[in-house]
Amino acid sequence: MTDLTFRPLRPEEDAPLVHAWVTQPRGRFWGMGDKSVEEVRDIYAFVDSLEAHWAWIGESEGRPVALVQTYEPEHDPVAEAYDVQPGDVGAHVFVAPGEDAAAVGVGIYEWIFSDPAVRRLVGEPDASNRAVLLRAQQIGFELGERVRVGDKDARMVYLTRERFESHVGV
């Protein structure tokens, strides 16, 4: 999906949309299933206050299709779970219900890799989230070690720029 654009998430304005997405059963791994709209707003207001974490809304032709959080892993608890490398960028991705997750994912990763400083994407999805782990492998991520990140049993995933480009034919 090459027509994706990204804008910073606006907590006050976007909280109802994000809440509607993450409180559906398919959003259980996002960890906000029991949150109110106000709590979602407050969580993203907090994310917005951080210096090394960013939340984005991905849009296709003005229609919201994804929530993306990017972060500098060295400034995140995940740094205790793996060996952070120069050029690593962390990402959490939530594709909106009804959207083509693979196509949206490729568009998101193309956007992140458009920054020449990014050498590798890292993530730590819930180890029991088979659908996300399978989708990640289909896009070219390599599965890494099982780790604990906070209270989550996670699986590290890694996608180098070179692997992504060769896998999707960029």
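This is a predicted model: local features need pLDDT of at least 70, side-chain atom pairs count only at pLDDT 80 or more; totals for chains, interfaces and linings use all residues.

User: How do I read a pair of packed helices?

Analyst: Two packed helices are described by the angle between their axes and the distance between the axes. Axes are lines fitted to C-alpha atoms, for helices over the stretch in contact, and angles run from 0 to 180 degrees between N-to-C directions. Helices (H or I, at least four residues) and strands (E, at least two) are DSSP runs, numbered from the N terminus. Here, helix α1 (residues 11–22) packs on helix α2 (residues 37–49) at about 125°, and their axes are 8 Å apart.

User: What word describes how α1 and α2 lie to each other?

Analyst: Angles under 35 degrees count as roughly parallel, over 145 as roughly antiparallel, 65 to 115 as roughly perpendicular and the rest as oblique. α1 and α2 are therefore oblique. A crossing is left-handed if the near helix is turned anticlockwise from the far one by less than a right angle, and right-handed if clockwise. α1 passes α2 in a right-handed crossing.

User: Which residues of α1 and α2 meet?

Analyst: Contact means heavy atoms within 4.5 Å. From α1 come Pro 11, Glu 12, Ala 15, Pro 16, Val 18 and His 19; from α2 come Val 37, Val 40, Arg 41, Tyr 44, Ala 45 and Asp 48. By class, the residues of this contact are eight nonpolar, one polar and three charged. Ala, Val, Leu, Ile, Met, Phe, Trp, Tyr, Cys and Pro count as nonpolar, Asp, Glu, Lys and Arg as charged, and the others, Gly among them, as polar.

User: How do α4 and α5 pack?

Analyst: Helix α4 (residues 130–139) meets helix α5 (residues 161–168) at about 80°, with the axes 9 Å apart. The two are therefore roughly perpendicular. Gln 137, Gln 138 and Ile 139 in α4 touch Phe 164, His 167 and Val 168 in α5. That contact has three nonpolar, three polar and no charged residues.

User: Now single residues. Is Asp 3 buried, partly exposed or exposed?

Analyst: Buried means under 20% relative accessible area, exposed over 50%, partly exposed in between (1.4 Å probe, protein chains only). Asp 3 has 33% relative accessibility, so it counts as partly exposed. Asp 3 lies in the segment before β1 (4–8). Setting aside residues up to four places away in sequence, Asp 3 touches Glu 59, Ser 60 and Glu 61.

User: Which side chain does that of Asp 3 join in a polar contact?

Analyst: A polar contact is a pair of N or O atoms within 3.5 Å; within protein, one must be able to donate a hydrogen and the other to accept it, and residues adjacent in sequence count only if both atoms are side-chain atoms. The side chains of Asp 3 and Ser 60 are joined by one of 2.8 Å.

User: And where is Glu 59 found?

Analyst: Glu 59 is in strand β2 (residues 53–60). Its relative accessibility is 15%, so Glu 59 counts as buried. Its side chain makes a polar contact of 3.1 Å with the side chain of Arg 7. Beyond four places in sequence, the contacts of Glu 59 include Leu 4, Thr 5 and Pro 64.

User: How should I read the phi of Glu 61?

Analyst: Most residues other than glycine have a negative phi. Glu 61 has a positive value, near 55°. Its place is the loop between β2 and β3 (63–71). At 71% relative accessibility, Glu 61 counts as exposed. Glu 61 and Asp 3 are 58 residues apart in sequence and 7.1 Å apart in space, C-alpha to C-alpha.

User: Is Thr 70 buried or exposed?

Analyst: Thr 70 counts as buried, at 8% relative accessibility. It is found in strand β3. The side chains of Thr 70 and Trp 56 make a polar contact (3.0 Å). Not counting residues up to four places away in sequence, Thr 70 touches several others, including Val 89, Gly 90 and Ile 112.

User: What does Pro 64 touch?

Analyst: Pro 64 is also placed in strand β3. Not counting residues up to four places away in sequence, its contacts include Leu 17, Trp 21 and Ala 96. Pro 64 counts as partly exposed, at 28% relative accessibility.

Definitions and conventions:
Residues are numbered from 1 along each chain as its sequence is written. Side-chain values use heavy atoms; hydrogens and water are left out.
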